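Here's a quick briefing to read alongside the model. Have the sequence and the 3D view open as you go.

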Amino acid sequence: QVQLVESGGGLVQPGGSLRLSCAASGRTFSSYDMGWFRQAPGKERQFVASIRWSTGTTYYADSVKGRFTISRDNAKNTVYLQMNSLKPEDTAVYYCAAGWGILPRAYDYWGQGTQVTVSS
């Protein structure tokens with residue numbers, strides 16, 4: 001059974017940092033991109049960042065470039081999203097997913113999501 005389990009969300013003040021984790025199990029993801037997406041209330045799910053498991057190549061949405069960093073730990077089968085200089089507009093449910101590219105419909109597996117709230 002494929003599982004992607006996110007953790008690390010919470011409430012943080014503007015300018016603060018959070019690190020999200022996504023633990024993957026149930027199959028080999030070496031041929032996949034691992035992506036982070038987010039969805040705010042009333043908005044569509046949007047791409048945040050991805051990393052190609054096999055090569056470590058990373059991609060970022062313009063809105064988070066320079067503030068967020070995606071990484072992976074092969075031994076732990078875990079993907080991370082380090083989020084710095086957080087802004088209120090980063091508030092959303094963050095999802096980890098396995099697939100390809102930057103479109104949500106191209107991702108086959110999804111986690112349950114973790115809430116990130118940026119507020120003073």
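**Strands and rings at a glance**

Strands β3 and β8 (residues 78-83) run antiparallel, with six bridges joining them. Strands here are DSSP runs of E with at least two residues, numbered from the N terminus, while helices are H or I runs of at least four. Two strands count as paired if DSSP finds at least two bridges between them.

This is a predicted model, so a few ground rules apply: local features need pLDDT of at least 70, side-chain atom pairs count only at pLDDT 80 or more, and totals for chains, interfaces and linings use all residues. Residues are numbered from 1 along each chain as its sequence is written, and side-chain values use heavy atoms, with hydrogens and water left out.

**The sheet**

- Four strands make up an open sheet in the order β1-β3-β8-β7, and the pairing is antiparallel.
- At the edges sit β1 (3-7) and β7 (68-73), each pairing on one side only.
- From one strand to the next, the twist averages 15° (axes are lines fitted to C-alpha atoms, for helices over the stretch in contact, and angles run from 0 to 180 degrees between N-to-C directions).

**Aromatic pairs**

- Rings of Phe, Tyr and Trp (its six-membered ring) pair if their centres lie within 6.5 Å; planes under 30 degrees apart are stacked, over 60 edge-to-face, and the rest tilted.
- That rule gives nine aromatic pairs.
- Phe-29 and Tyr-109 make an edge-to-face pair, because their ring centres are 6.1 Å apart and their planes are at 90°.
- Phe-29 is in the loop between β3 (18-25) and β4 (33-39) and Tyr-109 is in strand β10 (residues 107-110), so this pair ties together parts 80 residues apart in sequence.
- Phe-29 is buried at 2% relative accessible area, whereas Tyr-109 is partly exposed at 25% (buried is under 20%, exposed over 50%, partly exposed in between, using a 1.4 Å probe and protein chains only).
- Phe-37 and Tyr-107 are also edge-to-face, as their ring centres are 4.9 Å apart with planes at 75°.
- Phe-37 in strand β4 and Tyr-107 in strand β10 are 70 residues apart, so to speak linking distant parts of the chain.
- Phe-37 and Tyr-107 are both buried.

**The cluster and its arginine**

- One aromatic cluster is formed by Phe-37, Phe-47, Tyr-95, Tyr-107 and Trp-110.
- Arg-45 lies over the face of Tyr-95, 3.8 Å from the ring centre.
- The charged end of Arg-45 also sits over the Trp-110 ring, 4.7 Å from its centre (the cut-offs: NZ of Lys or CZ of Arg within 6 Å of the ring centre and within 35 degrees of the ring normal).
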